[in-house]
Amino acid sequence: METSLLYPVTNDQRTDQKLDGLWQFKFDETKQGVKDGWETGFHDGVSMPVPASFNDFFTDKESREYTGDFWYSRKFFVPSAAKGKALFLRFDAVTHRATIFVNGKEIRSHEGGFLPFTADISSAVHYGAENTVVVKGNNELSREALPAGDTITLRNGKKMVRPFFDFYNYSGLNRSVHLLTLPQERVLDYTTTFELNGQDATVNYTVTTNGDAPVTVSLADADGQVVATAQGKEGALQVKNAHLWQVRNAYLYTLTIQVGDDAQTPVDTYTDRIGIRTIKISGTNILVNDKPIYLKGFGRHEDSPFAGRAFDLNVEKKDFALMKWIGANSFRTSHYPYDEQVYKIADEEGFLLTDEVPAVGFKMAAAAFLGGLNQSFFKGPWLKKLHERHIDQIRDLIKRDKNHPSVLAWSLFNEPDTIDENAVPYFKQIFDESKDLDPQSRPRTFTLSEDDTIETSKVLDFPDFYMLNRYPGWYHFGGYQISDGEAGLRDEMDKWQKAGVTKPVVFTEFGADTEAGLHKLPSVMWTEEYQVEVLKMFSRVFDDYDFIKGEQVWNLADFQTVEGNMRVNGNKKGIFTRDRQPKEAAFFYHDRWNKLPLDY
Ligand SMILES: CCC[C@@H]1NC[C@@H](O)[C@H](O)[C@H]1C(=O)O
């Protein structure tokens with residue numbers, strides 16, 4: 001687990017310099033890089049944008065599909081003025097694993113392609129001079145890492161991934177790299193929890209530093225007026241007439257943490273924007289500030305042309321414009337943690353997000369669909385290592401995102417195999433070990449695939465609310481059979497109702513692949529008209545069962561997947577195309593959701 005995952009800030013005590021731009025890049029198919037001294041830097045590679053996935057920049061299939069080690073390198077200058085500071089490199093994400101070298105010295109390694117990590121380079125840099133950072137990355141998949149898959153070797157000797165999941169294995173320095181100078185004594189972390197007392201609110205906080213200097217915490221309103229202060233590494237800020245953060249009606253305060261005796265010359269200062277709100281599950285209701293909400297929105301992907309899986313602020317800005325236009329209020333970070341800037345935007349826009357770790361592909365049946373074996377995923381030699389990495393990434397996910405008001409819940413799996421008894425001990429371990437990680441005790445859950453029902457799933461006691469992925473009208477009872485699909489879905493909902501549903505149910509996936517521009521009257525599958533028929537069918541069912549508290553359609557936009565006979569250059573279940581243009585279904589939801597209150 002990382003020591004500190006605070007998002008970088010720049011002030012009188014801290015600096016954050018992004019090292020984005022063109023880096024040197026090359027593949028290392030024979031894993032000779034270390035033997036050949038690549039860790040000291042190289043100039044015989046190709047130029048590669050950062051942040052970006054490397055895959056789509058190549059025009060030959062072997063490079064696009066490359067699986068194995070790859071190297072990045074660039075120079076960076078460390079000013080003499082940085083002497084005495086703690087120097088770190090912060091990698092917002094390297095997919096799927098990385099080893100970091102500075103001036104030829106190995107600093108650290110990291111496993112997991114969607115969460116940040118920092119490398120302390122204080123002992124390796126030259127001050128007042130240029131330095132060289134080198135990243136050795138790797139994008140192989142296995143059953144003992146997240147996300148799950150296999151890596152095979154073709155008869156021509158080339159490696160190839162076989163994902164047990166339905167998104168392309170985009171790889172590389174997918175998010176920004178930062179050069180940080182920090183005070184030797186500094187803030188490492190902080191937590192916030194909230195109590196609402198009528199018009200007033202209490203912000204309970206803790207601050208973790210690496211020293212003994214005193215701490216002062218203050219809270220300022222959106223106009224910059226300080227509304228509360230407190231002393232000490234633990235305390236409570238009393239806020240009169242608190243302006244609450246609400247769904248699609250956000251309000252953010254600025255929290256300032258100062259370390260040191262003298263407010264005029266603090267040892268360290270850390271600031272962040274927080275929202276005062278509470279989240280609870282009460283019976284079959286999801287409550288924000290004690291008010292029931294209904295989730296309207298999407299499963300998404302970090303996916304776009306050219307950038308691949310890399311964070312692209314332009315795409316993110318467009319996606320939020322589309323989600324606001326259509327009347328959405330929420331999304332799931334399917335199937336992995338997104339870039340921190342997404343959560344910051346969601347905080348500002350008042351969107352709720354379900355924050356998901358890349359525990360996807362934990363189901364051999366799905367792997368069978370994608371070319372794996374058909375056996376129990378939770379019974380194999382890979383489980384011990386997988387569990388270690390799974391809980392490690394849950395810990396870092398919650399450590400990184402716990403102070404965002406937009407985070408509604410933690411999704412600990414996507415469509416795992418929960419029918420097999422072997423799943424129970426694994427789930428028990430994950431839920432036991434994640435129980436106390438979130439100071440705000442937000443709900444923990446996971447998505448249930450079609451096979452995992454109230455009759456077949458063995459792990460329904462664990463989630464705090466249910467997330468259902470259902471595809472009648474597409475993967476079964478498609479086309480003219482859709483009426484049987486609806487009848488079957490209603491049968492299942494009747495069983496949930498009869499069993500006495502005691503927790504909220506949110507539909508987190510449903511939809512139909514649709515080729516934009518394909519029309520037919522009457523409809524056939526793959527046409528825009530048919531996608532609307534499927535979504536209207538689901539809407540009729542959702543409106544008939546009061547325990548259903550959310551509809552998040554799959555997917556906001558078309559996205560890249562592996563090639564195959566079930567995919568037409570990617571997954572086309574988007575309500576928008578991959579270049580973010582509306583299909584007919586976008587206007588259906590614009591009409592359906594904008595008739596409802598923003599938060600229900
Ligand atoms: C029947 C499983 C559906 C599946 N669920 C996980 C998503 O990552 C996929 O994209 C989606 C699909 O096949 O469209």
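The model is predicted, with local features requiring pLDDT of at least 70 and side-chain atom pairs counted only at pLDDT 80 or more, whereas totals for chains, interfaces and linings use all residues. Residues are numbered from 1 along each chain as its sequence is written, and side-chain values use heavy atoms, with hydrogens and water left out.

**The ligand and its surroundings**

| Side chain | Ligand atom | Distance |
|---|---|---|
| E415 | nitrogen | 2.8 Å |
| Y475 | oxygen | 2.5 Å |
| K573 | oxygen | 2.6 Å |

Taken alone, the ligand exposes 360 Å², of which the protein buries 87%; accessible areas come from the Shrake-Rupley method with a 1.4 Å probe, and for residues only the protein chains shown count as cover.

Helices (H or I, at least four residues) and strands (E, at least two) are DSSP runs numbered from the N terminus. E415 counts as partly exposed because its relative accessibility is 22%, given that buried means under 20% relative accessible area, exposed over 50%, and partly exposed in between (1.4 Å probe, protein chains only).

**Other backbone features**

A positive phi, of about 55 degrees, also occurs at N289, which is not a glycine; N289 lies in the loop between β21 (285–288) and β22 (291–293) and is buried, with a relative accessible area of 14%. The peptide bond from V50 to P51 is cis, with omega near 0 degrees, and P51 belongs to the loop between β3 (46–50) and α1 (61–64). Another cis peptide bond runs from T95 to H96, with omega near 10 degrees, and H96 is in the loop between β5 (86–91) and β6 (97–102).

**A buried arginine and the cores**

R400, in helix α5 (residues 383–401), counts as buried because its relative accessibility is 7%. A polar atom of the R400 side chain lies 2.8 Å from the backbone oxygen of Y338. Beyond its neighbours within four places in sequence, R400 has contacts (heavy atoms within 4.5 Å) with residues including L5, F114, R175, Y338 and E340.

In soluble globular proteins, nonpolar side chains tend to be buried together. A nonpolar core is a set of buried Ala, Val, Leu, Ile, Met, Phe, Trp, Tyr and Cys residues joined through side-chain atoms within 4.5 Å. The largest such core here has 88 residues, and those with the most contacts inside it are F362, F413, F507 and I575. Helix α8 (residues 528–542) gives the most to this core, with eight residues, while a second, separate core of 30 residues includes L19, V78, I100 and V133.

Conventions
Polar contact = N/O pair within 3.5 Å; in protein donor to acceptor, adjacent residues only side chain to side chain.
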